[in-house]
Amino acid sequence: MGSPGPARPRLPPAIWALGFVSLLMDVSSELIHSLLPVFLVAGLGASMLTVGLIEGFAEATALIVKVFSGAISDYWGRRKPMAVLGYGLGALSKPLFALATTAGLVLGARLIDRIGKGLRGAPRDALVADLAPPAIRGAAFGLRQSLDTVGAFLGPLLAIGLMLLWANDFRAVFWMAGIPAVLSVALLVFGVREPEHPAGQARTNPIRRENLARLGRAYWWVVGAGAVFTLARFSEAFLVLRAQQGGLALAWTPLVLIAMNVVYAGGAYPFGKLADSMSHRALLAWGLAVLIASDLLLAAAAAGPLLWAGIALWGLHMAMTQGLLATMVADTAPPDLRGTAFGFFNLVSGVALLVASGLAGLLWDTWGAPVTFLAGAGFSAAALALLARRRT
């Protein structure tokens with residue numbers, strides 16, 4: 001009988017802790033964001049274009065800030081302080097949503113919240129890569145993403161209960177979001193220990209030309225793929241508005257994000273593990289095919305089984321691709337440039353997200369919801385064709 005192969009490494013406790021940090025902050029954020037599109041349109045009289053631009057500017061801000069936070073964490077040689085700063089800023093922003101009386105003030109609160117997300121995102125992802133053994137890196141990113149996404153459906157679920165309890169009082173619900181945000185920061189501060197880095201290692205500016213030259217062709221291909229994926233997938237706010245258009249009551253609109261994120265959370269870890277053992281390009285292609293199917297269903301119906309099937313497929317697409325793209329960035333970047341690598345990846349994706357969300361809002365206002373989702377399917381099909389042309 002042959003000797004057994006080497007045991008599969010176990011995920012470090014700090015990976016679990018980072019997952020629960022993400023879970024708590026996502027409960028806080030989604031408690032607000034699951035209601036925010038409806039609050040803007042029904043409560044403040046904003047247009048669909050305004051919603052799209054707010055979402056696009058906010059998310060693009062977060063992704064652009066990641067460039068600088070990631071580079072600083074590489075130069076400093078430490079990830080955790082930047083992550084703590086980012087999560088702390090996110091917690092401090094939550095009361096501003098309850099105080100907002102205009103769309104402009106909502107945009108301001110959203111930008112502060114997303115700056116916090118930008119400050120923590122790249123250092124946290126680099127920290128996951130630093131902590132996880134290479135053989136299970138996909139599983140580590142999948143687990144963190146899965147726990148993050150559990151928070152993304154617990155938040156809307158809590159929003160439904162509080163909206164029903166408090167007779168659709170948006171502001172009262174928004175005030176409650178600060179509690180899980182504070183708990184998230186506390187867990188990060190006391191529950192995560194950063195691994196030791198080699199002593200005496202010289203630190204240079206990570207965005208100098210000679211350092212950027214170390215980010216090779218494989219890495220930049222991943223950056224391009226992430227940008228095309230983002231163009232094909234605009235903000236989930238439009239899923240919420242599509243369901244409301246179909247007659248879903250205000251208090252129940254968070255069900256959209258709950259349904260999407262239940263599928264996302266359930267699939268992220270298994271697909272992360274799958275990414276450790278199968279072709280990344282093939283898994284990306286399947287993810288795009290699922291997104292095309294989702295867009296077609298959402299274009300066809302604003303209510304009933306087709307709508308909910310489209311929402312579920314959207315979540316499945318996210319589960320298949322988001323942790324995978326993070327794993328691909330980590331695998332193709334030098335260890336001492338991982339923060340910078342995640343930062344540039346998200347900068348390019350941020351610009352794409354701004355374009356995608358603004359275009360989605362404009363298409364919706366001009367030609368209606370079906371055209372918006374058909375355009376998403378078209379971008380996805382183009383991305384799938386480009387992916388099919390890549391030989392390696």
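Select Ile64, Phe68, Ile72, Trp76, Val351 and Val355: together they make a nonpolar surface patch of about 560 Å². A patch here joins residues with over 30% relative accessible area and no salt bridge, with nonpolar side chains (Val, Leu, Ile, Met, Phe, Trp, Tyr) joined within 5 Å and like charges within 9 Å. Areas come from the Shrake-Rupley method with a 1.4 Å probe, and for residues only the protein chains shown count as cover. This is a predicted model, in which local features need pLDDT of at least 70 and side-chain atom pairs pLDDT 80 or more, while totals for chains, interfaces and linings use all residues. Residues are numbered from 1 along each chain as its sequence is written, and side-chain values use heavy atoms, without hydrogens or water.

Colour α3 (48–76) and α15 (338–367), the elements that each give two or more residues to the patch. α3 gives the most, with four residues. Helices are DSSP runs of H or I with at least four residues, numbered from the N terminus.

Stay on α15 and pick Val351. Val351 is partly exposed, at 45% relative accessible area; the class lies between buried (under 20%) and exposed (over 50%). Ser349, also selected in α15, counts as buried at 6%. A polar atom of the Ser349 side chain lies 3.1 Å from the backbone oxygen of Phe345. Past the end of α15 comes Gly368, with a positive phi near 100°.

Next, show α5 (residues 103–131), which has 29 residues and reaches 41 Å from its first C-alpha to its last, close to the expected 42 Å. The expected span is 1.5 Å times one less than the number of residues. At Gly121 α5 bends by about 30°, and Pro123 follows within four residues. The bend is the angle between axes fitted to the seven residues ending there and the seven starting there.

Now turn to the salt bridges, each a side-chain nitrogen of Lys or Arg within 4 Å of a carboxyl oxygen of Asp or Glu. The count comes to seven. Select Arg79 and Asp130, which meet at 3.0 Å, N to O. Arg79 is in the loop between α3 and α4 (80–99) and Asp130 in α5, so the pair ties together parts 51 residues apart in sequence.

Arg79 is buried at 3% and Arg338 at 8%, whereas Asp130 is partly exposed at 21%.

Terms used:
Buried means under 20% relative accessible area, exposed over 50%, partly exposed in between (1.4 Å probe, protein chains only). A polar contact is a pair of N or O atoms within 3.5 Å; within protein, one must be able to donate a hydrogen and the other to accept it, and residues adjacent in sequence count only if both atoms are side-chain atoms.
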